Amino acid sequence: MEVKDIIKEENLAYKKTKVLTDNEMHYCPGCTHGVVHKVIAEVIEEKDIQENTIGISPVGCSVLAYNYLHIDWQEAAHGRAPALATATSRLMPDKYVFTYQGDGDLASIGAAEIIHACNRGENIVVIFINNGIYGMTGGQMAPTTLEGMPTSTSPYGRDIKLSGHPLKMTELVANLPGTTFVARHSAETAGAVRKLKKAIRKAFDNIDEKKGTSFIEVVSTCSSGWKLTPEASNTWMKENMFPFYPLGIIKDE
Amino acid sequence: MKEEIIIAGFGGQGVLSMGKILAYSGIMQDQEVSWMPSYGPEMRGGTANVTVILSDEKISSPILNTFDTAIILNQQSLDKFEEAVKPGGVLLYDPNGITSPPARKDINIYKIEGAEEAAKMGNPKTFNMIILGAFLKIKPIVKNENVEKGLEKSLPERYHKLIPLNLEAIQKGHDSVKSIQTV
Amino acid sequence: MGELRLMKGNEAIAEAAIRYGVDGYFGYPITPQSEVIETLMARKPWEETGMVVVQAESEVAAANMLYGGAACGKKVMTSSSSPGVSLKLEAISYIAGAELPALVVNVVRGGPGLGTIQPAQSDYFQAVKGGGHGDYHLIVFAPNSVQEMADFVEDTYELAIKYRNPAMILSDGIIGQMMEKVELKDFKPRFTDAEIKEKFGSWATTGKTPDRERNIVTSLELQSELQEKHNHKLQAKYQQMRETEVRFESTNTEDAEYLLVAYGSSSRICRKAMELARDKGIKVGLLRPITLFPFPTKQLAELANQVKGMLSVEMSAGQMVEDIRLAVNGKVPVEHFGRYGGIIHSPDEIVNALEKQIIKG
Ligand SMILES: Cc1ncc(C[n+]2csc(CCOP(=O)(O)OP(=O)(O)O)c2C)c(N)n1
Ligand code: SF4
Ligand SMILES: [Mg+2]
């Protein structure tokens, strides 16, 4: 049997959602960003909201996220995506507005913007990619970097005395009355991706019910920044990130 | 003396550190030097290149469009820099991964099987020093003793035990470079 | 002779800051200048000189840390690249208003907006015209080598102290990323508490001791008459800088019929263009402003009596050219040439532009 005999509609086991573009992604091999893009795209397709969804991308490796999802996008200044989302969602209350932000973007330079958007209970979804590092600029320390973890600006490992404690943004925003659904997930196995997708679906459903801010953290890897192979990165994440950033639903109202 | 060089290949081939060792060797013999890399996300698994200039006089522009020597380590770089070699200049390349070899008729072309020789030495990390050795055979612009000093200066202390291996690799490059075309 | 090393501009400026006795550095990563904070974090100067190094949560925070540190009479420094400097302008305006010495380094990349991470000179206006709100100027130095990246830490800071005014080193991605030979100066001790009291005791917020009135660092003045007076004082300072602090470098201007004007890395490329043009028999000179504020206005006005035309060569759409035209005041044609958006002009392009825009123009 030749390959062309197998390529038939009835043999189709998986089809890429049309919400993903055909552009080749620029992410490093094993990077979590690509998987999360796909999950969001699938949720948008399943909810049939492609025409009504506006994505707001951050500054970070996912600054070019607009190349990969077939929806309208805004590209914010570093950390300010929640501010753009606030205006967008208030001016167009029937739209599905989400921000997609890295940990440097959301937890460092944009800490004020995210706290206040969550506190106001903006009717938006926030997807928070926590890889514990600044991927794009070449592996500097993020607020989420674990104690002892080496980065290019903490070459001897993060020292709490020097740089403070790793910041648990998700627990923090869960304390704010404006948030309705707050969860922490990962995307390293098929099972984890399924759970993540369920959570993202729920977050977008919350927009229908005007319930306030839904916030989903994805504990992620950055093999380039961590200077590990993709496989070793997953192991390192499970052994080090998961104990400090435990997975699960933190708030569901 | 003034030598304007471009070294270009993949990120991870040691292009930048090879340029740095060459520049440090120049400093060791009291020359003016400049080392100007490509930088940014294009280095993520993509191409990397560095312009190195050694000169007896003050260096004007650290950025150049034409070069005395191009050291080329992949096809993309050959496509980009073959035309940038000055007529009568030198193009040194490693044929590993090269699908369309250099075609210019007005330049001197040399070949070094760097990847292959490094594999033979049992250490792929010696690759860039083999290439450097090949270059220094063609253009002995820095003295051996200054290369050794350059290595000492540019390698962190904990790698100093590897200097003999690096010198061996430079010698290997010296011995293995082949002339393809002279003008 | 001091110690000779091969360093990137970004590494050299970090090392120079430690050696000059800077007390505090506050930064936030951004390409192409992240090596400044990376070098400092690897060097651990707090163990050696007691220098404090902080990775702030944003440039807004980093610049306001600079403001606080400067108010204590400490030598403080921050560095960033274009989008980050835009965020710092708020605090920079306050620092200028409150009359504090401080050092800001901009390793410029192309804009506007997020732009490109490649080198550019498109922040000239922002640097020399003030940048933030209010009538103020920074003292602005433009290095064109790694050596000057290192040397200008001390040169700018001494002026910052002399005038109680923030200073800026306006560099770019070429100078920041390039490695050259640098001669490093010897270590200078940081100011002691006693020295700070002696030098800055009249304003630094080091704690009110019984021997003096309280010191208040502020840029606020609600009485307009007093605010106008404060502005007069600032303007007098800027005028004095214009009269006494201008620095420039001129090459081959004695017999020049045409003049290239360029600063920073562009001046290096112009040197090569000048060599090429002279080989062709064109009598070209090069004037390189080292201080961009104060600007070598007088020198350019004098040269306008000698040359037939001037070409400003900048990696921007043409910003410094306006200051050259003001200086020349219509005497000779002044044009701009430059590639931008992260593209760097070549020496040949400059010679072509000179021939087309000035000689034949
Ligand atoms: C005002 C400003 N400061 C700094 C930068 C440089 N910068 C770009 S991305 C980034 C950090 C990104 O890290 P993160 O948000 O964790 O995203 P990741 O790349 O890890 O996905 C920084 C500091 C910038 N673009 N703008
Ligand atoms: S640097 Fe890290 S976050 Fe960025 S694409 Fe690579 S793996 Fe992903
Ligand atoms: Mg990150």
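## Exercises on a magnesium site, cavities and a chain

In this predicted model, the magnesium ion (ligand 3) is coordinated at 2.0 to 2.2 Å by Asp103(A) (OD), Asn131(A) (OD1) and Ile133(A) (O). Donors are N, O and S atoms within 2.8 Å of the metal (3.2 Å for Na, K and Ca); water is not among the atoms, so sites may look incomplete. Residues are numbered from 1 along each chain as its sequence is written, chains are lettered from A and ligands numbered from 1 in the order in which they are written. Local features need pLDDT of at least 70, side-chain atom pairs count only at pLDDT 80 or more, and totals for chains, interfaces and linings use all residues; side-chain values use heavy atoms, without hydrogens and water.

**Exercise 1.** Find the spacing of the donors of the magnesium ion (ligand 3) along the chain.

*Solution.* 
- Read the donors along the chain: the spacing is D-x27-N-x1-I.

**Exercise 2.** Describe the largest cavity: its volume, its lining and the classes of its residues.

*Solution.* 
- Start with the count: the structure holds 3 cavities of 30 Å³ or more. A cavity is a set of points on a 1 Å grid over the protein atoms alone, where a 1.4 Å probe fits but cannot get out; lining residues have an atom within 4 Å of a point.
- Take the volume: the largest cavity has about 50 Å³. A volume is the space filled by probe spheres set on the points, which are joined across faces, edges and corners.
- List the lining: Lys58(B), Asn144(C), Glu249(C), Ser267(C), Arg268(C), Arg271(C), Leu286(C) and Arg288(C).
- Name the elements: helix 11 (264–279) and strand 11 (284–289) of chain C each give two or more residues. Helix 11 of chain C gives the most, with 3 residues. Helices (H or I, at least four residues) and strands (E, at least two) are DSSP runs, numbered from the N terminus.
- Sort by class: 1 nonpolar, 2 polar and 5 charged. Asp, Glu, Lys and Arg count as charged; Ala, Val, Leu, Ile, Met, Phe, Trp, Tyr, Cys and Pro as nonpolar; the others, Gly among them, as polar.

**Exercise 3.** Sort the lining of the second largest cavity by class.

*Solution.* 
- The second largest cavity holds about 40 Å³ of space.
- Its lining residues include Ala70(C), Lys74(C), Phe191(C) and Trp203(C).

Conventions. 1 Å grid on protein atoms, 1.4 Å probe; cavity = no way out; pocket = protein on both sides within 12 Å on 5 of 7 lines; lining within 4 Å.
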